[in-house]
Amino acid sequence: RLFRSAKRAMEQQQDDDENLHHRLPPSPPALPVLGHLQHLVGSLPHVSLRRLATKHGLDLMMLRLGAMPGARACRRRARPRRCCARTTTCSRPGAHSLAAEIILYGPSDIGFAPHGEYWRQARKLVTTHLLSSMKVQAFSLAREEEVGMVMARIREAAAVGAEVDVGDLLRSFTNDLACRAVMDKSFRSEGPEQAVPGARRRDVAAAGRLQRGGALPDHEHKYDEQHDDTSASGDTRDDDFIHVLLSVRDEYGLTRDQMKALLLDVFFGGIESLAAVLDFTMAELMRWPRIMKKLQAEVRTRVPEGQEFVTEADLTDNTPCYLIAVIKESLRLHAVTPLLAPHMSMASCSIDGTPKEFVPERFVDGGSAAHLNVSGNDFQFLPFGSGRRMCAGINFGMATVQLMLANLVHCFDWEMPEGEDRRHLDMSEMFGLVVRRKEKLLLVPKLPRL
Ligand code: HEM
């Protein structure tokens, strides 16, 4: 039933695309056959597109990527971006691709599904039962445990004065967190090698295991054994996502493939983006020691004496506003998904005329951007997108970045490896589904003298 409604929505989308043809935005000069494809071939397509828009003075431009038409809105005026967020990007171009059809079963996930009844129901399910703020809160103990394990590993390195590959550490943290959210602790006992021979990364292993179907039947079995009709729903407990989906499968008429596709969104949507945001933020803090010190002072004064790690309660009871300002500034300066959502381009967003400088103060009270938040209503600042297709994992994402960053700056002082200068820290980007820093972030943790 759901597959049929996804197909209908796709046909409707094609009709809408055809109807739109007679009122297209202006288009820069294009090559025959290729159209504007050459602008996406370089290493940083979002930067080439920004240059193209500036060169032709276009706030909203029509691009042709081979046979596929697309529109891109630029920073200068909020109106075209609002228009894109609310209308143009309600569906996804990738919805018609063979890859999405095979990997995401239709696609039956919410990230790639075309706009329509299936996507609406699936999005409702995910935002109500898996990624709601209540569920994210219920998951705080698990998040704290995972962060605590990373701090313990850094402490071992600090004890012997070794450097750590912070980027790598952050990526394995976000992998572990996603695996834990989806399938609880079972992934630890498995190890990546058993799940997918030769796989080194747990997310790949876990995603592979999900796709081949191993994880779901195991959980189904456990769920059926444990299930008690009188038990409360998993929304307010830290039940893993497979368990939650099993508890609502009849209500939503979900097939096994649809459940797998929805779970894969957590791997595809959450892991790389979270790691990239944390890596960019730590790198910026290293380049701006004054900001690092100010943030450390704020976080350290809020953690009770003798307490080893920062807990979520320390952050939510008395939200440290400079921590939030630092995260917002990092999201402003480094758009990790600049092309996923055509209406969003943080890489080219200028709030107060100093776009390349890392100045979190703009986001604190009295600052020029103090009124901007990340919830998609301020069209100059859309790190999670906006409108109906905005990021479904925004609560999960913000909670994770806050807790991890607070702990990294609370538990350690950070130095550059010997002979390296923080002023030369390379901030070059590497393009991908998620934009990340090109170079490794090698730093030396020191236990602070409190
Ligand atoms: C700080 C980290 C993150 C950033 C910067 C980010 C950013 C984004 C952006 C820009 C979009 C496209 C929005 C649009 O088209 O308007 C998106 C979509 C999405 N994100 Fe995130 N995201 C993050 C973390 C996460 C996490 C942790 C999850 C899941 C656990 C997630 C799941 C999704 C999903 C499912 C979509 C597709 C929504 C739809 O099409 O209906 N994201 N994200």
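Helices here are DSSP runs of H or I with at least four residues, strands are runs of E with at least two, and both are numbered from the N terminus. Residues are numbered from 1 along each chain as its sequence is written. The model is predicted, so local features need pLDDT of at least 70 and side-chain atom pairs count only at pLDDT 80 or more, while totals for chains, interfaces and linings use all residues.

I will start with the ligand. A residue is near a molecule if its C-beta atom, placed from the backbone, lies within 6 Å of it. There are 29 residues around the ligand, and Gly269, Gly270, Gly385, Cys391 and Gly393 come nearest. Which helices each supply at least two residues of this shell? They are α13 and α17, and the largest share, seven residues, comes from α13. By class, the shell has 16 nonpolar, ten polar and three charged residues. Ala, Val, Leu, Ile, Met, Phe, Trp, Tyr, Cys and Pro count as nonpolar, Asp, Glu, Lys and Arg as charged, and the others, Gly among them, as polar.

Next, Cys391. An unreviewed UniProt entry places the feature "binding site" there; UniProt positions are given in the numbering used here, feature names are shortened, and annotations may be inferred rather than shown by experiment. Cys391 lies in the loop between α16 (321-333) and α17 (394-411). Is Cys391 buried or exposed? Buried, because 24 other C-beta atoms lie within 10 Å. The cut-off for buried is 20 or more such atoms within 10 Å, for exposed 12 or fewer, with partly exposed in between, and C-beta atoms are placed from the backbone. Leaving out residues up to four places away in sequence, Cys391 touches Phe384, Gly385 and Gly397; contact means C-beta atoms, placed from the backbone, within 7 Å.

Now the interior. A nonpolar core is a set of buried Ala, Val, Leu, Ile, Met, Phe, Trp, Tyr and Cys residues joined through C-beta atoms within 7 Å. The largest has 89 residues, and Val182, Phe241, Leu278 and Leu405 have the most contacts inside it. Helix α13 (256-287) gives the largest share of this core, 17 residues. A second, separate core of five residues includes Leu49, Ala53, Met61 and Leu63.

Last, strand β7, residues 442-446. Strands pair if DSSP finds at least two bridges between them. Strand β4 (residues 413-415) runs antiparallel to β7, joined by three bridges; Asp413 has Lys446 as its bridge partner.

Terms used. Contact = placed C-beta atoms within 7 Å.
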